[in-house]
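Subject: A structure for you to look at

Hello,

Here is the structure I promised to pass on. Please open it alongside this note, and my findings follow below.

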Number of protein chains: 2
Amino acid sequence: MTIQEGRDKFIQSWGALGTSWGINRTMAQIHALLLISPQSLCAEEVMEALKISRGNANMNLRALMDWGLAFKEFKPGERREFFVAEKDMWQVVRNIILNRKKRELEPTLKVLDELSSVEGEDLETQEFIRVIKDIKLFSNKADSLLDSLTKADPNWLMSSFIKMIK
Amino acid sequence: MTIQEGRDKFIQSWGALGTSWGINRTMAQIHALLLISPQSLCAEEVMEALKISRGNANMNLRALMDWGLAFKEFKPGERREFFVAEKDMWQVVRNIILNRKKRELEPTLKVLDELSSVEGEDLETQEFIRVIKDIKLFSNKADSLLDSLTKADPNWLMSSFIKMIK
DNA sequence: AAATATGTTAAAATTTTTCTAAACGATACG
DNA sequence: CGTATCGTTTAGAAAAATTTTAACATATTT
């Protein structure tokens, strides 16, 4: 496989993977492109490499920064903005988890709290209350588990899991 | 909040959450509906409750079974098929992880292996090789971590994390 | 056997998401 | 100042995902 085929294939695959992770295809492709670029790239270069419009590049680059998956790099004497990827995979995953926790888990917890105000004696209501209570308990655990997970040292994490398997 | 408002709100929220978890809105709504139903429901009842078509109900119910998030229940003397949700939240999450691991992580690992055949001495290629190697290492760790995670006893998991925080 | 009920499937329609084009604002520079 | 470059925004186009419709299969009831 040539380097150009390899780069293309990687960008495609990373894009596909991204879509199932709350990151849209282009956003993930830009991240992939930055990941394998030895130097930082400007918007123009990203547009060119991925054949996307200026607006698309701009929006997704900002989204990437928002997620903590890319950063601006200022070059002296350059008006253009350059971008580099977060290349530490553990940091990438950590940022995705933190973002999604905030966007998904936290609003859900809020709704569950509101739902706890439902009362009643009939079977339907009883089951509803039981399920909500159960999910709430579980979600709170998941919430603090994710907190610990993202704060944990990756080496500690791995070693503790290796211990577990044994 | 009345039970009916509560049920509606829960179904809506669960649907929204689902979309960010690789489970489409309707699929998640059906799961929500089954979750809070004291008894199993037939396709007709699901269609009626969620105002969806027969085809939609059928496809998503089968998708749910495919993910291990719902089951058929056969009732003696009934031609219709009835459905119940997987109600154990830990099991729900575990099944989602296992499904997504298979659908996303495993194909990615395969591509990464193919990409390892790229060779070359120039800077671009060197960086490419470095990044691919790094991601591969990380993904393999993630893969086995997820395996352990899904095999782990939930109580063990929580207690070990609680220990960690301290 | 005809009529009815249930489940399955694929094509068409709809909805949602993403992308582009184009206008605009700001800054640099001739 | 006028022109060029670069970043931002948004309405509408395009693409992708989801849903309905409708035809079909099969089993059950009359």
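**The sheet and its helices**

In chain A, three strands make an open sheet in the order E1-E3-E2, with antiparallel pairing. Strand E1 (41-42) and strand E2 (70-73) of chain A are at the edges with a single partner strand each, so one side of each has no neighbour in the sheet. A word on terms: helices (H or I, at least four residues) and strands (E, at least two) are DSSP runs, numbered from the N terminus, and two strands pair if DSSP finds at least two bridges between them.

Before going further, please note that this is a predicted model, in which local features need pLDDT of at least 70 and side-chain atom pairs count only at pLDDT 80 or more, while totals for chains, interfaces and linings use all residues. Residues are numbered from 1 along each chain as its sequence is written, chains are lettered from A and ligands numbered from 1 in the order in which they are written, and side-chain values use heavy atoms, with hydrogens and water left out.

Back to the strands. E1(A) and E3(A) run antiparallel and are joined by two bridges; here Leu41(A) stands opposite Phe83(A). On the E2(A) side, four bridges link E2(A) to strand E3 (residues 82-85) of chain A, again antiparallel, and Ala70(A) has Ala85(A) as its bridge partner.

Helix H4 (residues 54-66) of chain A packs on this sheet, touching E2 and E3 of chain A, and its direction makes about 110 degrees with that of E2(A). Helix H2 (residues 25-35) of chain A lies across E1, E2 and E3 of chain A, at about 90 degrees to E3(A). Axes are lines fitted to C-alpha atoms, for helices over the stretch in contact, and angles run from 0 to 180 degrees between N-to-C directions; contact means heavy atoms within 4.5 Å.

**Two domains in chain A**

Chain A divides into domain 1 (3-85) and domain 2 (89-165), with bounds from an automatic or database domain assignment. Eleven residues from domain 1 of chain A and seven residues from domain 2 of chain A take part in the contact. About 740 Å² is buried between these two domains, and carbon and sulfur atoms give 67% of that. Buried area here is the accessible area (1.4 Å probe) that two parts lose on being put together, summed over both. On the domain 1 side, Trp21(A), Trp67(A) and Leu69(A) lose the most area to domain 2 of chain A, together 62% of what that side buries.

The count between the two domains is one salt bridge (a side-chain nitrogen of Lys or Arg within 4 Å of a carboxyl oxygen of Asp or Glu).

**Chain B against chain A**

How many residues of chain B are in contact with chain A? There are 52 residues of chain B in contact with 52 residues of chain A. The area buried between the chains is about 4,800 Å², with 74% from carbon and sulfur atoms. In chain B, Ile3(B), Phe138(B) and Phe161(B) lose the most area to chain A, together 12% of what that side buries.

Six salt bridges are found across this interface. Glu114(B) forms a salt bridge with Lys9(A), where the closest N and O atoms are 2.4 Å apart. Helix H1 (3-19), helix H5 (89-115), helix H6 (123-151) and helix H7 (154-165) of chain B are the elements giving two or more residues to the side that touches chain A. The largest share of that side, 16 residues, comes from H6(B).

Best wishes
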